[in-house]
Amino acid sequence: MAQVQPPSPVNGAVGNQFPSTSLYVGDLELNVTDSQLFDLFSQIGPVVSVRVCRDVNTRRSLGYAYVNYSNAMDAERALDVLNFTPLNNKPIRIMYSNRDPSSRKSSAANIFIKNLDKAIDNKALHDTFSVFGKVLSCKIATDTNGQSKGYGFVQFDQEEAALTAIEKLNGMLLNDKQVFVGPFLRKQERENAADRAKFTNVFVKNLSESTTDDELKEIFGKFGNITSAVVMREADGKSKCFGFVNFEQPEDAFQAVQDLNGKKHDDKEWYVGKAQKKYEREIELKSRFDQSLKEAADKYQGVNLYLKNLDDSIGDDKLKELFSEFGVITSCKVMRDPNGVSRGSGFVAFSSPDEASRALAEMNGKMVGGKPLYVALAQRKEERRARLQAQFSQMRPLAMPPSVAPRVPMYPPGAPGMGQQLFYGQGPTLIPSQPGFGYQQPLVPGMRPGGPVPNFFMPLMQQGQQAPRPGGRRGGAGPVQQTQQHMPLLQQQVLFV
């Protein structure tokens, strides 16, 4: 592996201002338990909590966990000492826990490496890039069998370290293979970069009515050879204020889009972009809309409250007045139908999660306008559906085994006989009078109702017989003929009210 001298300024880079005590532990073998992690990380210092994250339905490990220390120094030492330590014969990967999704998904200080030798693992990649600065995350992409796919990702705590790593290592040999090292691009950015060489036809709109085909050719001809340029017109020759320009080379078309989009001509701000078919525009618009919704949900995660059961008299101003005591409100809205009538629900967004939590605790269930207010953290539709499905999947109907034995009648004290019967779990039923049938099966301490019972039996006396006394028979008395009848086992059924 290539040896590179680290630049001195990056080595001294400082991470977060407030050191974290929470660690993310990834690449776990699926049988790793909380106790194993606790034993491993307790060797460094006192551990506050350990949790292996599991699937809600199957309880199967998701392959990662969180470990919390009380001391930031212990967390830092654990990261240095235990990172890539084998656990159940599989090296674990440790990094600081980052709850901010925007920073995790940000491409800043994040680099992409490809054409890696299959023998390079997470530790080797970490050792190679750590010389340029503090590495927050380092991972080799693997297939289902755990084999390297030949590419990976490294995220530094500072962008300068990432730029230096790209400059020093891009095109160098690692394990005799020339690697590519460059900035990490998200999927949308990669698709946009790939589209640069895929189109030659450019769409232009918001043209002035006086713009002609020749003017379009003159303006766009500065970027390359043009095969056609046309302004679309009505049947009577009136301009539709949009048109198309087709280039010979895709690079020229892309450059024209970059330079002319948003520029003003004849006091009109042009839109210049790739010419698309209707279905392509619909897909792109839907993707942008979904992305904007997701970004908004991430932005307001933990600070946006959902309200329902609002009184019809409550408007935006009244809602803001009710919640303003808990903190700074960034947005407040009561949902209404097209006629302006309140739907009884709304949203309130605070500037911090602590303010939202305090408002949730104080206002949920509070009587407002004669109605109890329902307050909860706002969730996206997909998250809400997944949570409800997880809850319903855990609910199982209670199986009630059929009763195969007759219920034992219970008599109140001093009952005169079979005429008065009290049953647990069913209404009165006439049962033929039988000698000794009124025996109640006793409850044995430590045994559950309905469970297996010992073989209790009660001797049944024939009429005129005398029950034997304790201590045996008296002297001179002849043997007493006595018939014992075993009572069949009856399963006791008790209804708890």
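Trainee: Why is D74 called buried?
Mentor: This is a predicted model, and in it D74 has a relative accessible area of 9%. Buried means under 20%, so D74 gets the label with its 9%.

Trainee: And R77, what makes that one partly exposed?
Mentor: R77 has a relative accessible area of 35%.

Trainee: What makes K123 and D127 a salt bridge?
Mentor: Their closest N and O atoms are 3.2 Å apart, and the limit is within 4 Å. They are about one helical turn from each other because they lie four residues apart in helix 5 (residues 122–129). K123 is partly exposed at 41%, and D127 is partly exposed at 40%.

Trainee: How many salt bridges are there by this rule?
Mentor: The count comes to four. One of them joins the side chains of D27 and K139, with 3.2 Å from N to O. That pair links distant parts of the chain: D27 is in the loop between strand 1 and helix 2, K139 is in strand 8 (residues 135–142), and they are 112 residues apart.

Trainee: Is D27 buried or exposed, going by its relative accessible area?
Mentor: D27 has 16%. Buried means under 20%, so D27 counts as buried.

Trainee: Which residues does the network of salt bridges that share partners join?
Mentor: D27, R93 and K139 are joined into one network.

Trainee: Let's move to strands. Why is strand 1 called largely enclosed by the rest of the structure?
Mentor: Five of the five residues of strand 1 (residues 22–26) are buried, so the strand is largely enclosed. S22, Y24 and G26 point one way, L23 and V25 point the other way, and all are buried. In a regular strand the side chains alternate between the two faces of the sheet.

Trainee: How do you know that strand 1 and strand 3 pair?
Mentor: Strand 1 and strand 3 (residues 61–69) share four bridges in the antiparallel sense. Pairing needs at least two bridges, so four bridges are enough for these strands. Within this pair, Y24 stands opposite Y66 in strand 3. Strand 1 is also joined to strand 6 (residues 93–96) by four bridges, again antiparallel, and V25 stands opposite I94 there.

Trainee: What makes strand 13 and strand 15 a pair?
Mentor: Five bridges join strand 13 (residues 201–205) to strand 15 (residues 239–247), and the two run antiparallel. The rule wants at least two, so they pair with five. V202 has V245 in strand 15 as its bridge partner. Strand 13 is joined to strand 18 (residues 271–274) as well, antiparallel and by four bridges, where F203 has G273 as its partner.

Trainee: What makes the phi of D176 worth a look?
Mentor: D176 has a positive phi of about 65° although it is not a glycine. Most residues other than glycine have a negative phi. D176 lies in the loop between strand 10 (173–174) and strand 11 (177–178).

Trainee: Why is D176 called exposed?
Mentor: Its relative accessible area is 74%. Exposed means over 50%, so D176 qualifies with 74%.

Trainee: What is the phi of N309, and where does N309 lie?
Mentor: N309 has a phi near 65°, a positive value in a residue other than glycine. N309 is in the loop between strand 19 (304–308) and helix 11 (316–323). At 32%, N309 counts as partly exposed.

Trainee: One last thing. Which residues gather in the patch of negative charge on the surface?
Mentor: D214, E215, E218, D266 and D267 do. D214 lies in helix 8 (residues 213–220). At 58% D214 is over the 50% cut-off, so D214 counts as exposed.

How values were computed:
Residues numbered from 1 in each chain as written. Predicted model: local features only at pLDDT ≥ 70, side-chain atom pairs only at ≥ 80, totals over all residues. Heavy atoms only, no water. Patch = residues over 30% accessible without salt bridge, like charges linked within 9 Å, V, L, I, M, F, W, Y side chains within 5 Å. Areas by Shrake-Rupley, 256 points an atom, 1.4 Å probe, with all protein chains shown as cover. Lys, Arg positive; Asp, Glu negative; His and termini not counted. Charge placed at Lys NZ, Arg CZ, Asp CG, Glu CD. Buried < 20%, exposed > 50% of the residue type's maximum accessible area, 1.4 Å probe, protein only.
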